[in-house]
Amino acid sequence: MSDLASPSLPSRRTALKFLATAPMLPLGALASGSLLSGCATGGPAAAGNYLSSSFASMAAPSLANAAAMATTTVGSSLQVQLKDNSTQSYKLAYQPFFVTGDMVPDGKGGTILSGGYVDINNQPIIDRSVPGKERQMFSDSPDGTSLLGLPNANVPGVKGKAVFAVVQFEYTTRDQAGADAYGNLPSPIAVLTLDQDPSTGKLSLVKYHNVDMSKAHGLWITCGASLSPWNTHLSSEEYEPDAPFAAESAQFKKFSKNVYGDENKANPYHYGHLPEVTVHPDGTGTVKKHYNMGRISHELVQVMPDNRTVLMGDDATNSGLFVFVADREKDLSSGTLYVGKLGSGFSVNPADQGAKISWIKLGHANSAEIEKMADTLKPADIMTVLKADPSDASFTKVFYNGNPNWIKVKPGMEKAAAFLETHRYAYLMGGSMGFSKMEGTTVNIKDKVAYSALQNMVDSMVKTGKGWNAASGIALDKPLVAGGVMAHKLEGGQKDLGGSAINSEWMPVHTKALIIGEDIAADVLGNKADPNKIANPDNLKFSEKMRTLFIGEDSGSHINNFIWAYNVDTRQLSRLMSMPAGAEATGLHVVDDLNGWTYIMSNFQHAGDWNSLHGKVQAVLDPLVRANYKDRFGAAVGYLTADPSSIKLG
């Protein structure tokens with residue numbers, strides 16, 4: 001919403017008014033070889049003239065321009081190289097659809113609260129924490145976003161072409177009284193109908209629709225997301241409720257109370273799965289939760305080009321590298337679940353060779369049979385889980401979320417354990433359950449390489465760290481809090497460690513570090529990681545046309561979190577965008593070609609979520625963030641565009 005080059009920064013209201021009326025242009029269609037086709041006079045490229053692209057980096061904002069630290073700031077540009085050796089440069093800007101808490105069109109002539117929470121009966125959940133200020137709760141944490149088109153879309157009010165964005169809301173940070181609300185509410189998912197101007201590519205919100213989650217038991221902490229090759233939104237439920245001890249969890253009881261009106265009604269085995277949202281031509285959507293893809297800390301998953309192989313992020317301490325191979329293309333309702341086992345050589349140094357990955361089969365199942373197990377089985381029916389050593393050799397010591405457990409699977413309950421107690425069972429079966437916070441995943445199809453973000457490389461990855469175990473094959477000498485991105489070589493013709501063939505040509509077989517952050521002593525602003533390198537990567541998306549890995553940060557090390565572009569050929573790292581201080585960059589999504597336009601989607605969460613990192617800036621920035629984002633209750637959903645001042649319209 002702001003630009004470092006601007007001599008003065010407008011208020012948020014003024015900026016939104018400007019953005020609503022300006023012809024904000026997205027990036028041109030690299031897929032068709034023409035840049036900003038149909039809207040730039042003397043168009044820069046004839047069909048097929050596109051050669052390559054790169055991004056010119058922006059500087060990190062500082063207190064010299066405090067307002068830039070308190071909002072979404074873009075000072076980068078897209079550089080396009082054409083085959084005639086000429087170049088075009090397009091300054092980038094940010095266009096929000098809304099800030100959560102805004103009233104937006106419902107497509108029926110009325111309005112609806114964006115990011116608003118509803119219970120299992122689709123009734124508003126009311127924040128009653130401050131008497132006299134009762135209001136429907138809404139999220140300050142929009143996350144996973146997908147942008148898509150449908151050939152037969154038909155939504156009243158669309159003047160150009162109807163396209164759709166699916167946006168999920170992970171949680172809300174606090175209630176009006178300031179009490180922690182993390183994980184206490186069922187996560188909503190909305191379908192946005194957007195009017196795409198055919199001549200400029202500009203997207204305008206026409207309709208906001210809440211997807212009915214009642215048949216999915218409500219959703220639990222939806223984090224990252226991806227668009228499937230068959231045009232559905234693949235959501236997530238992370239930090240699965242610890243089922244054997246859910247009765248002790250105040251958080252899960254509050255969640256159950258908000259969903260059902262009864263703190264004891266929610267079943268922990270209904271959460272920690274993968275929801276799939278299908279968008280319909282009228283701008284509505286429906287959800288189907290897949291129970292057979294492992295009950296893990298699902299983050300951002302990536303379906304490979306075979307439409308069957310799914311690489312999954314697992315955002316937890318003592319997490320693993322999981323792959324699900326579906327029985328049929330474009331159908332996740334049945335298939336086989338695998339966990340990776342690392343060979344020797346794992347390293348976070350990009351100069352090192354890395355480690356081989358082998359695969360352990362955990363089980364084959366369809367969603368319906370696992371859902372039935374979830375409906376009927378109690379944790380004690382599946383396995384015995386103890387927090388203290390029973391001094392009984394029939395139990396196996398494992399680490400779950402950094403803590404020791406002693407477990408024993410009940411006879412005949414191996415399948416239930418594999419799909420409902422996946423973390424513990426994968427550890428028991430020999431998987432390398434030593435990663436910490438493995439988050440976003442994506443794929444580079446041309447090079448047959450997948451990428452996984454490790455937000456932190458701490459705890460279970462460090463010798464003698466919390467949850468560390470030598471059998472994982474991960475043994476760092478010291479933590480790397482700033483984290484990094486791993487690259488996985490993909491191949492076919494693999495067998496699992498039991499000797500059975502794996503029916504996929506897209507299995508990770510080797511992993512090595514691609515790009516890492518650097519921990520530092522606190523600088524003048526308080527950054528604890530080098531601000532000119534990535535820190536705590538979370539969201540990942542890859543553009544085939546731009547040959548670029550896009551990285552969004554969830555950093556407790558950078559004062560402002562950034563979105564980066566990393567060209568895998570030139571290895572150039574460019575900072576594209578800065579989030580408000582204290583906010584996490586979320587909802588990253590890249591579409592190379594949607595009706596001839598290229599889009600980079602981006603949201604943020606919890607602006608002004610201050611902690612000890614922000615001691616040097618909080619006093620200055622807090623009033624600015626509060627003024628911009630509804631007293632810290634609001635957060636933006638939007639996309640990066642080309643700045644209209646850079647484009648001469650025809």
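Q: Which residue of β12 does V191 stand opposite?
A: V191 stands opposite H209 in β12. This is a predicted model, in which local features need pLDDT of at least 70 and side-chain atom pairs count only at pLDDT 80 or more, while totals for chains, interfaces and linings use all residues. Residues are numbered from 1 along each chain as its sequence is written, and side-chain values use heavy atoms, with hydrogens and water left out.

Q: Why does T309 count as buried?
A: Buried means under 20% relative accessible area, exposed means over 50%, and partly exposed lies in between (1.4 Å probe, protein chains only). T309 has 1% relative accessibility, and is therefore buried. T309 belongs to strand β18 (residues 309-319).

Q: What makes the pair formed by the side chains of T309 and S504 a polar contact?
A: A polar contact is a pair of N or O atoms within 3.5 Å; within protein, one must be able to donate a hydrogen and the other to accept it, and residues adjacent in sequence count only if both atoms are side-chain atoms. The distance for T309 and S504 is 2.6 Å, so it falls within the limit.

Q: Why is I112 called partly exposed?
A: The relative accessible area of I112 is 22%, so I112 is partly exposed. I112 lies in strand β6 (residues 111-113). Contact means heavy atoms within 4.5 Å; leaving aside neighbours within four places in sequence, the contacts of I112 include Y208 and N210. The C-alpha atoms of I112 and Y208 are 7.3 Å apart, although 96 residues separate the two along the chain.

Q: How do you know that the buried residues of α8 line one face of the helix?
A: In helix α8 (residues 618-628), L621, D622, V625 and N628 are buried. Seen down the axis, they fall within an arc of 135°, so they line one face. The arc is that of the directions from the helix axis to the C-beta atoms. A619 and A627 are exposed on the face turned away from the buried side.

Q: Why is β35 described as largely enclosed by the rest of the structure?
A: In strand β35 (residues 636-642), 7 of the 7 residues are buried, so the strand is largely enclosed. It pairs antiparallel with β4 (residues 87-99) over 7 bridges, and with β34 (residues 597-605) in the antiparallel sense over 4 bridges.

Q: What makes a set of residues a nonpolar core?
A: A nonpolar core is a set of buried Ala, Val, Leu, Ile, Met, Phe, Trp, Tyr and Cys residues joined through side-chain atoms within 4.5 Å. The largest has 41 residues, and V310 and I382 are among those with the most contacts inside it. Helix α6 (residues 414-420) gives the most to this core, with 5 residues.

Key. Pairing = 2+ DSSP bridges. Helix = DSSP H or I, 4+ residues; strand = E, 2+ residues; numbered from the N terminus.
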